[in-house]
Amino acid sequence: MKGYTSSALLLGPVLLSQLALAQQAPSGVVQWNIQKRPVPNVAPNRLLRRAGSTYQEILQNEQARGGYFATCEMGTPGQKVTLQLDTGSSDVWVPDSTASVCSQGACDLGSFDPTSSKTYTVVGRGEFDISYVDGSSSKGDYFTDVFKIGGATVTNLTMGLGAKTDIAYGLVGVGYANNEAIVGNAQSLNAQYPNLPVTMVDDGLINTIAYSLWLNDLDSSEGHILFGGIDTKKYKGDLTRIKIYPSSNGYYFSFIVALTSLQAISPSGNDTLTSEEFPIPVVLDSGTTLSYLPQDLVEQVWQEVGADYSSRLQLALIPCSKKTSKGYLSFQFAGPDGPRINVRMDELVLDLTSGNPPKYTSGPNKGQDICEFGIQNSTSAPYLLGDTFLRSAYVVYDLVNNEIALAETDFNSTQSNIVAFASMSAPIPSATQAPNQAAVTNRPAVTSPAFSASSGFSSNGGEDENASPGMPSAFGVAQMSVMGVSMVFAMIGSGIFALF
């Protein structure tokens with residue numbers, strides 16, 4: 001959510017019986033393609049039907065809003081709305097056209113007029129109520145109506161209508177059904193309803209409750225989310241399955257996996273970083289712009305890459321020139337034999353403002369442009385791996401077998417080979433299971449000093465001589481003045497929310 005740098009998860013168990021509600025359907029997948037277009041222009045929906053039952057839809061990568069957005073249709077006749085795609089939440093919801101935020105002209109991505117739809121039916125009056133950690137919220141009714149994605153039609157989807165909302169756009173939440181807002185509010189398992197992925201199975205669009213995500217690189221114009229299948233031409237190397245971890249009560253509500261090591265690698269050397277938190281529970285969340293890791297680990301990351309923390313902005317900042325660094329960070333999951341995902345610096349150095357970048361006014365980086373670093377600090381679990389990580393990974397979310405499959409993304413791939421899941425509860429196609437996942441309880445050994453200059457990431461040289469060892473210096477007024485900062489895009493995903 002806008003301008004926020006920490007988060008809390010709405011906890012809620014997942015009924016395994018909910019998964020059984022989705023009946024086996026004929027083989028098929030539904031695909032959304034992602035395309036970046038200039039903001040604020042919202043391009044018209046372009047629907048392209050592929051052979052068989054594979055569909056794709058053009059989406060926008062809205063960098064200013066910090067997420068990936070799909071232009072969909074709701075109601076009869078269809079009303080076009082552009083919604084944020086979010087693996088961290090589970091409801092589809094849209095602002096009501098009469099909401100005050102829309103009346104003020106802020107809903108440029110679209111809103112929904114229920115009085116104009118012949119198929120609109122209220123099913124939960126006043127029961128849609130979601131509050132986010134930055135204080136924003138959306139409240140209104142649950143309703144059912146026609147919902148169209150990628151040329152495919154879901155005939156009777158339950159959605160939320162934000163009649164009282166200070167959020168100017170809605171979401172397409174595709175998480176576990178029991179992470180729905182109504183379940184958390186009611187604290188009742190019976191409040192759960194078939195959300196979008198489940199309803200897609202019910203309607204015969206896909207075979208199982210699963211999808212894969214390919215966001216492509218930061219500057220790319222296209223990517224996709226593929227429901228019900230994988231694309232073997234969108235990743236490199238092996239696709240490896242790892243387990244999703246349940247909540248403390250044994251139910252699944254979020255895509256939590258075990259991060260078991262992190263290395264800083266460059267042509268001049270490798271450093272293995274350490275943390276008291278290993279193995280670290282991390283949520284793979286497309287609705288979060290940045291990534292958030294434990295304080296002790298992220299301090300080492302900042303030191304390796306030449307970033308420093310600004311106490312004034314409460315952000316880790318980095319010279320924009322670091323985009324060209326040859327170093328990268330290597331994330332490993334599910335133990336010493338689990339999958340590795342390498343994230344380059346050009347995926348981690350982000351524009352700080354929408355206009356001309358501010359500049360360092362003093363210190364060794366004086367005159368250089370200031371950017372935001374894509375990995376920030378958090379003080380408590382579960383931690384988040386957002387878009388700054390996910391762009392470098394091909395990720396398959398299997399909500400039936402409670403598994404994630406990971407491989408390194410093949411950036412800007414122009415080829416496609418789509419393979420559908422064979423049936424309900426079928427394993428992820430072309431993926432092998434990570435061996436020795438029991439080893440996630442072991443912390444990685446430190447192979448070199450965490451702050452060694454041998455990593456090859458050139459330091460910005462701005463550290464405070466009086467700072468404690470291992471602590472990145474916070475920029476003070478005497479060290480730096482950030483001029484012309486009109487907006488800071490440090491956005492937490494819309495789907496990570498707290499129940500108040």
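## Disulfides

A disulfide is a pair of cysteine sulfur atoms within 2.5 Å. The structure, a predicted model, holds two disulfides. Counting bonded cysteines along the protein chain, the pattern is 1-2, 3-4.

## C102–C107

C102 is bonded to C107, with an S to S distance of 2.1 Å. The torsion about this S-S bond is about -75°, so the disulfide is left-handed. Both C102 and C107 are buried (under 20% relative accessible area; exposed is over 50%, partly exposed in between; 1.4 Å probe, protein chains only).

## C320–C371

The sulfur atoms of C320 and C371 lie 2.1 Å apart. Here the S-S torsion is about 105°, so the disulfide is right-handed. The pair links distant parts of the chain, 51 residues apart. C320 sits in the loop between β20 (315–319) and β21 (328–333). C371 belongs to strand β24 (residues 370–373). Strands are DSSP runs (E, at least two residues), numbered from the N terminus.

C320 counts as buried at 15% relative accessibility. C371 is buried too, at 1%.

## Another cysteine

C72 is buried, with a relative accessible area of 0%.

## Confidence

The protein chain has a mean pLDDT (the predictor's confidence in each residue, from 0 to 100) of 79. Of its residues, 75% reach 70 or more.

Residues 1–26 stay under 50. The model gives them 91 contacts (heavy atoms within 4.5 Å) beyond four places in sequence. Residues 36–59 are also below 50, with 79 contacts beyond near neighbours in sequence. Where pLDDT is low, the predicted coordinates should not be read in detail.

## Basis

Residues are numbered from 1 along each chain as its sequence is written, and side-chain values use heavy atoms, leaving out hydrogens and water. Local features need pLDDT of at least 70 and side-chain atom pairs 80 or more, while totals for chains, interfaces and linings use all residues.

Note on methods: Helices (H or I, at least four residues) and strands (E, at least two) are DSSP runs, numbered from the N terminus.
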